[in-house]
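Please open the model in a viewer and keep the selection tool at hand.

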Amino acid sequence: MKKIHGIQRIFLNYVLTLLTIAMALSAVGIGILLGKTVNQSTISQYTYVNDRIAVLLENEYDRTDTIMKHCLESQEIQDSLRSRESDNMEKERLELMLSYVDLKSLETYLYVDNKENLYLQAYRNTSYEKFLASGLKEALGDEYSKTCWIRTKDRVFDREGSYLFIGRYMRNMEFHHEPGMLFFQVNEVFFQNILKASAQEDAICMILDPSGQLCSRTHRDSFALSKKQKANLCAKMEEYQSKGISQARFHLQGVGTVIFQTAANSGFTAATLIQDSIFYAVAVRNLLILLGVYAVIAVMAVICSVYFSRRFTKPVTQISNAMKEFESGDFSSTLQLQTNTELDTIGNAFNNMVKNIEQLVQEVKENEQALRRSELSSLMYQINPHFLYNTLDTIYMLARINKEEVTMKMIQALSKFMKVSLSKGSDVIPVSDELEHIKSYMEIQKIRNNDLFQYEIE
């Protein structure tokens, strides 16, 4: 990978800074929005689950109510409610009919007719006094023809634990007699089957009785409520039930969010506990997805930035290199840019500048050479007159020694003539010098022509 420097590095720093700021701001915004959305979505999801459990509770209640109605309408029950005592054959038919009731998780049954006779399975044993002491009769209350779900300890058969008793008054449909009471005892599997049909793997689904006591729940082994948490849960449920609220949600401190819905007919409540860890897990999962997306965006942004920055900075680098070569005195380096941007204009201007400077440098060199030649010529011109003057002076002195007056005059006139002609290197001379020049010329001509003409110059 080529080293990144100069404008490209600055460009990448700006891009990465802006990208970091944009990603940070978007992460905060998305995190807040996503957190609310995830919470709402999670709560909606488990509200649906809880509603389904409540519906299954209602369906099971309707099913038990239908069974109770069939029992009520059976001839065996109606015969047992007459004023006369049932014979052994009738009792056996009644017990046989109750034994084959199609009820899931059925443990046993207990039927008390209006003459205080008990009908039990053969292997069960109890008494009417135990029945009265069990509180099942009081639990039916004043309900005339309603099937009641009663969850209580088994005080009838002296079995450990609490059981669900499904009970109802049995009344004769033809005569007005005291009603009997029919109870079916079912085990906890009855509620577990309801929970299994809709329960989720992570949330804790529960079924509570009308007093808020826990009947059944999922995840017994993986999560356990402390006594304090159970007490807080029961207190909250009683608070809502006392206000007549059958459906709501609340947060249980240190545990999570509880969604509940109370079934109208049975009075039992379907509750779902969404642990705080579920929200955290969903938030972390979404955060990891968001970070993964941001990582991909960052990598793509860096790659694209490096690629496009190189395309944009390559002409600038070419210009920079060309200018460095120009500084070293190389005028052969030109730019060939085709970027369809302002850089093309800069490149053309640089080429023209280099060309013009090269021409100027060439002209300066030529002018310097001409100046040197001119100076040399000037020196030569200065040397030649001096040599001529010196020579004339020498001849003048020889003529003077030989007392040749004409020669002396000729040499003196010629010397004056040459001095004016050379004018000491000047292009313009005064008029007096020009007159002196003419006078010297005429003097020379006079001597040459042996006084053939006369002249006079003032």
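Begin with Glu 116, which is found in the loop between β1 and β2 (118-119). The model is a predicted one. Display the backbone here: the phi angle of Glu 116 is near 65 degrees, a positive value in a residue other than glycine. Glu 116 is partly exposed, its relative accessible area being 48%.

Next, select Asp 158, in the loop between β3 (148-154) and β4. Asp 158 also has a positive phi, near 55 degrees, and is likewise not a glycine. With a relative accessibility of 53%, Asp 158 counts as exposed.

Now turn to the interior. In soluble globular proteins, nonpolar side chains tend to be buried together. Select Tyr 111, Trp 149, Phe 184 and Phe 191: within the largest nonpolar core, which has 35 residues, these four touch the most other members. Colour the contributing elements in turn: α1 (6-73), α3 (88-99), β1 (106-112), β4 (159-170), β5 (180-186), α6 (189-198) and β6 (204-208) each provide at least two residues of this core. The largest share, 10 residues, is supplied by α1.

Which residues does Phe 184 touch? Leaving aside residues up to four places away in sequence, Phe 184 touches Ile 67, Met 68, Cys 71, Leu 98, Val 101, Leu 103, Leu 106, Thr 108, Tyr 109, Leu 164, Phe 165 and Ile 166.

Methods: Residues numbered from 1 in each chain as written. Predicted model: local features only at pLDDT ≥ 70, side-chain atom pairs only at ≥ 80, totals over all residues. Heavy atoms only, no water. Core = buried A, V, L, I, M, F, W, Y, C linked by side-chain atoms within 4.5 Å. Buried < 20%, exposed > 50% of the residue type's maximum accessible area, 1.4 Å probe, protein only. Helix = DSSP H or I, 4+ residues; strand = E, 2+ residues; numbered from the N terminus. Contact = heavy atoms within 4.5 Å.
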